[in-house]
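Here is a friendly walk through one protein model, taken a piece at a time. Keep the structure open while you read.

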Amino acid sequence: MRFLQYPLRLVYILYIIAHYGLDEIALSPFRQRWVRGLLRVMTLGRRLHAPRGQRLRLALERLGPIFVKFGQVLSTRRDLLPPDIADELTLLQDRVAPFDNAHAFRIIESALGRTVGQMFAQIDEHPIASASIAQVYFGRLHDGREVAIKVLRPGMQSVIENDLALMHTLAAWVERLSSDGKRLRPREVVSEFDMYLHDELDLVREAANATQLRRNMQGLNLLIVPEMMWDFCSTQVIVMQRMHGVPIAQVDRLIAAGVDMKRLAVDGVTIFFTQVFRDGFFHADMHPGNILVSTAPETLGRYIALDFGIIGTLSEFDKSYLAQNFLAFFQRDYKRVAELHIESGWVPSQTRVDALEGAVRTVCEPYFDRPLKEISLGQVLLRLFQISKRFQVEIQPQLVLLQKTLLNIEGLGRQLDPDLDLWHTAKPFLERWMNEQVGWRALLQGLKKEAPSYAQLMPEVPRLLHSTLLALSHSSRHGKVQPSHPELVEAIGQLVREQRSQRRWIISVGTVLVLLLGAVVAVGWRLV
């Protein structure tokens with residue numbers, strides 16, 4: 001019956017669009033006569049009295065979790081949306097209609113194999129938050145620890161599977177029918193989204209993500225990550241340390257509590273770039289509903305992260321490539337940006353460097369040295385997209401989550417400190433990171449990483465060197481070697497024949513060199 005699900009789902013989506021008048025919202029900004037006439041015909045007989053923002057929010061809720069997540073991303077872009085729509089979409093962040101409490105408690109008991117009373121000394125009767133994938137209750141364990149209990153919404157798997165199947169089909173059509181289809185790689189982008197969305201449906205994976213992020217952020221003293229209670233975690237339910245803080249969107253409350261908003265904005269940028277470029281492991285769902293700020297005296301102004309279902313990862317190549325691009329942008333070295341795009345294969349190898357350089361300069365130069373309130377990253381990305389079409393730049397699916405998170409960070413920064421200079425704040429961090437990748441510190445880190453392998457190899461080096469010299473000597477005497485570099489082997493053989501008496505001395509020198517290498521590793525370990 002699956003072949004019937006796609007058209008039925010598409011019909012349902014069109015019905016929701018018509019029922020809530022989303023077509024009217026999309027077409028009303030156009031002033032052409034024919035568009036206005038078409039709009040009057042399309043809305044004939046429909047009563048659309050509710051505000052447009054409310055209609056859009058309700059439609060996204062009716063369409064399901066994928067569309068709710070789309071609305072969550074949009075809610076952070078107040079520079080691109082009218083205020084009434086942005087205000088309504090913020091309600092999608094943690095106020096989605098909850099499902100039945102009795103059903104939720106049955107899920108908890110079934111998933112963890114114990115009654116609610118056996119596990120918790122107290123649990124709230126109503127959820128504190130209800131989102132697109134799960135809802136959260138506050139409670140207390142029998143040992144007195146305050147906890148948050150996250151329960152997966154029932155029936156989510158089938159709903160998401162149907163929507164993703166439709167998205168895969170639409171992506172294939174776009175790739176087949178659109179002239180830009182191959183360059184945009186929509187099927188790969190949807191596959192990437194598919195993977196991350198399925199990861200979010202496994203709450204054990206979310207708990208593991210949180211634990212890794214908590215470990216990574218130790219010592220930075222800028223971000224608090226709740227501890228997971230592993231005895232109470234399953235694929236459908238996880239229990240974690242309860243966090244106390246003020247939602248980051250409630251700026252007035254934060255100011256009243258004494259939080260330095262400019263410092264908070266800078267710390268947010270530092271956290272983001274640390275996760276991306278130091279760890280290659282970053283929180284990729286940083287909308288305001290997932291972030292609190294601590295107002296406790298001992299941790300005042302620290303970020304508190306929630307909801308770890310979507311985590312982005314980057315390879316060493318991706319990190320290096322992105323850092324070089326960012327630094328080239330910050331240094332206004334547009335030629336290097338163009339060269340990096342060609343070297344990475346993002347654009348055809350025959351692309352002229354000077355032409356791509358000029359196009360990138362045209363987009364980026366007007367935005368430097370402006371405060372964040374005068375810069376719309378959305379507009380910059382739109383211009384870059386227009387250029388990418390001209391130069392046939394291929395979209396990189398593995399960076400889609402990073403792009404989404406960067407937009408979220410910009411939206412948060414705009415709320416906290418409109419005067420924040422994003423470029424100036426990020427540049428020193430990236431310069432330090434690059435120095436650590438290519439300087440003496442990088443060498444010492446590499447030696448530290450390889451030290452266990454060196455330790456295993458060291459005792460065998462004298463024996464291996466002795467065996468190698470004997471083999472070369474034997475082969476040279478009997479003429480059994482047919483080397484690819486005969487002059488090199490002949491020189492070695494001659495050395496062996498003429499200096500057999502000094503073989504022990506050679507082995508001793510090798511041993512000393514190995515010991516010196518070990519000393520360097522030990523010193524490097526201490527310095528690092």
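## Where α16 meets α17

Helices α16 and α17 pack at an angle of about 120°, with their axes 8 Å apart. Axes here are lines fitted to C-alpha atoms, for helices over the stretch in contact, and the angles run from 0 to 180 degrees between N-to-C directions. That makes α16 oblique to α17; angles under 35 degrees count as roughly parallel, over 145 as roughly antiparallel, 65 to 115 as roughly perpendicular, and the rest as oblique. The crossing of α16 past α17 is right-handed, a label used if the near helix is turned clockwise from the far one by less than a right angle, with left-handed for anticlockwise.

Which residues of α16 and α17 make the contact? From α16 come Y334, K335, V337, A338, E339, H341 and I342, and from α17 come V353, L356, E357, V360, R361 and C364. Contact means heavy atoms within 4.5 Å. Sorted by class, the residues of this contact are eight nonpolar, one polar and four charged. In that sorting, Ala, Val, Leu, Ile, Met, Phe, Trp, Tyr, Cys and Pro count as nonpolar, Asp, Glu, Lys and Arg as charged, and the others, Gly among them, as polar.

A word on the background: this is a predicted model, where local features need pLDDT of at least 70 and side-chain atom pairs count only at pLDDT 80 or more, while totals for chains, interfaces and linings use all residues. Residues are numbered from 1 along each chain as its sequence is written, and side-chain values use heavy atoms, leaving out hydrogens and water.

## The other neighbour, α15

Now look at α15 and α16: their axes come within 8 Å and cross at roughly 160°. The two helices are therefore roughly antiparallel to each other. This time the crossing, α15 past α16, is left-handed. On the α15 side the contact is made by Y321, Q324, N325, A328 and F329, and on the α16 side by Y334, R336, V337, L340, H341 and S344. By class, that contact has six nonpolar, four polar and one charged residues.

So what covers the buried residues of α16? The cover includes α15 (316–330) and α17 (353–364). Within α16 itself (residues 334–344), the buried residues are Y334, V337, A338, L340, H341 and I342. Buried means under 20% relative accessible area, exposed over 50%, and partly exposed in between, using a 1.4 Å probe and protein chains only.

The structure holds five aromatic pairs. Rings of Phe, Tyr and Trp (its six-membered ring) pair if their centres lie within 6.5 Å; planes under 30 degrees apart count as stacked, over 60 as edge-to-face and the rest as tilted. Y12 and Y15 have ring centres 6.4 Å apart and planes at 35°, so the pair is tilted. Both residues lie in helix α1 (residues 2–19), three residues apart, about one turn of the helix. An α-helix has 3.6 residues a turn, so residues three or four places apart point the same way. Y12 counts as partly exposed at 27% relative accessibility, and Y15 is partly exposed too, at 44%.

For F272 and F273, the ring centres are 5.2 Å apart and the planes stand at 75°, so the pair is edge-to-face. F272 and F273 are both buried. Ring pairs also bring in F277, linking F272, F273 and F277 into a cluster.

N221 has a positive phi near 60°, in a residue other than glycine. N221 sits in the loop between α12 and β5 (223–224), and is partly exposed at 47% relative accessible area. D307 likewise has a positive phi near 60°. D307 belongs to the loop between β10 (303–305) and β11 (311–313). Is D307 buried or exposed? At 15% relative accessibility, D307 counts as buried.

N216 is found in helix α12 (residues 203–217). N216 is buried, with a relative accessible area of 16%. Not counting residues up to four places away in sequence, N216 touches R278, D279 and F281.

## The whole protein

Stepping back, the protein has 24 helices and 11 strands. Helices (H or I, at least four residues) and strands (E, at least two) are DSSP runs, numbered from the N terminus. Buried residues make up 44% of the 528 residues.
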